[in-house]
Amino acid sequence: MKKSNCFSVLPGIVLIFFLAATAYGLSDAFKDNIYHPENLKPTDSVLKVKVGDRAPDFTLPAVSGGKISLSRYLGKKNVVISFVPAAWTPVCSDQWPGYNIVEDLFNKNDAILLGITVDNIPTLFAWTNQMGNLWFPVLSDFWPHGRTADAYGVLRSDGITERALFIIDKKGIIRDINVNDINKRPRLESIVRELEKLNK
Amino acid sequence: MKAMKKILIHFIALTVCVFVFSSPVTAAKSPPAKGAILPEINLAVPVKDRAKSYLGLSTSGFFKIPQIRAKVVLIEIFSMYCPHCQGDAPDVNKLYNMIEGNPRLKNKVKLIGIGAGNSSYEVEVFAKTYDIPFPLFADMDYSIHKVLGEVRTPYFIGIKINNDGTHRVFYSKLGGVDNPDQFLDLMLRLSGVK
């Protein structure tokens, strides 16, 4: 089973100087509304899928209204699923806004991004409003609580999810899994690199 | 794909050459205060001639911010992942253009950005997305962010460099440029540079 390291793309020279970081470059967009938990256990779940498996389908309510199923993209789009642990927390609040300015990179790779948390729709509505107009759907895995996250094996013991990325090709096959340290943001370049592999 | 390749090339160049080196980091409890000096920050001299020339750096390797050839350096702590930084980027560009378009200020006031927690690739994406004309530096491991008091973003620090090479912080505040005219007036007034 592959758990790709989000830093693996970076040359060794960077890793030599890499310092374990718990600092957050938190945007002022969220003012003082961010809850700061202690450093959490990096991962706290066991994957239930692996690269090469068919991605478990799901149907979840979207913040923008209606419901979205993974299967709607079969044969049409590559899919990046971004599970983030919880709304109104530091690293999560500074993850999707970055994806929001790279729609072109997803388009070039014929991919859609689906953001998922276990928060309910009203919470996600208020939280994502602070991020600007997101171009990608944000889905709520609130009820039954974390059922989709659990199907993928990224539901933690305290009911939040891992900070995880799943890249799924147009045939519905999982092509990459990155269960990141929950305390750190995965590198954008790791997503782009994996998407480009799908088109080779 | 061409744009992607371009980003990747820049990314590799930046990773190797614009890597921010900082010796063992002790987190500061607060940002640099007005009247204080900057903590020791070593930035890699940019590989791009334009950026190198803009900063007045002739050597390679690393440099300290007060070594920039200017009377005033404005430092923006930003993040590619920060919505306010994204929204403020056009105004920061206007600020840069106002300075560069004014012969009286062009060689006196310089602007740099430090991407808190951003890799070189992410900094390059930000630069490309918003067509940022001034040098940006990656702070992937938050080492600079830590010594600057782990500020929220965007955050601006202004330093005045004296003729003898010493410097003082004259501005240190959370928030973006918002209004480039007013911001520039404020920077000139607080720094005393005319």
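**A strand and a helix in chain B**

All 7 of the 7 residues of strand β6 of chain B, residues 155–161, are buried, so β6(B) is largely enclosed by the rest of the structure. Buried means 20 or more other C-beta atoms within 10 Å of the residue's own, with C-beta atoms placed from the backbone. Strands here are DSSP runs of E, at least two residues, and helices are runs of H or I, at least four, numbered from the N terminus.

A word on the model. It is predicted, so local features need pLDDT of at least 70, side-chain atom pairs count only at pLDDT 80 or more, and totals for chains, interfaces and linings use all residues. Residues are numbered from 1 along each chain as its sequence is written, while chains are lettered from A and ligands numbered from 1 in the order written.

Back to β6(B). In a regular strand, side chains alternate between the two faces of the sheet. Both faces of β6(B) are covered: Tyr155(B), Ile157(B), Ile159(B) and Ile161(B) are buried on one side, and Phe156(B), Gly158(B) and Lys160(B) on the other.

What are its partners? Strand β3(B), residues 72–78, runs antiparallel to β6(B), joined by 6 bridges. Pairing takes at least two DSSP bridges. Strand β7(B), residues 167–174, is also antiparallel to β6(B), over 7 bridges. Look at Gly158(B): it stands opposite Leu74(B), and its bridge partner in β7(B) is Tyr171(B).

Now helix α3(B), residues 83–100. A kink of about 45 degrees lies at Ala89(B), shortly before Pro90(B). That bend is the angle between axes fitted to the seven residues ending there and the seven starting there.

How values were computed
A residue is buried if 20 or more other C-beta atoms lie within 10 Å of its own, exposed if 12 or fewer, and partly exposed in between; C-beta atoms are placed from the backbone. The expected span of a helix is 1.5 Å times one less than its number of residues.
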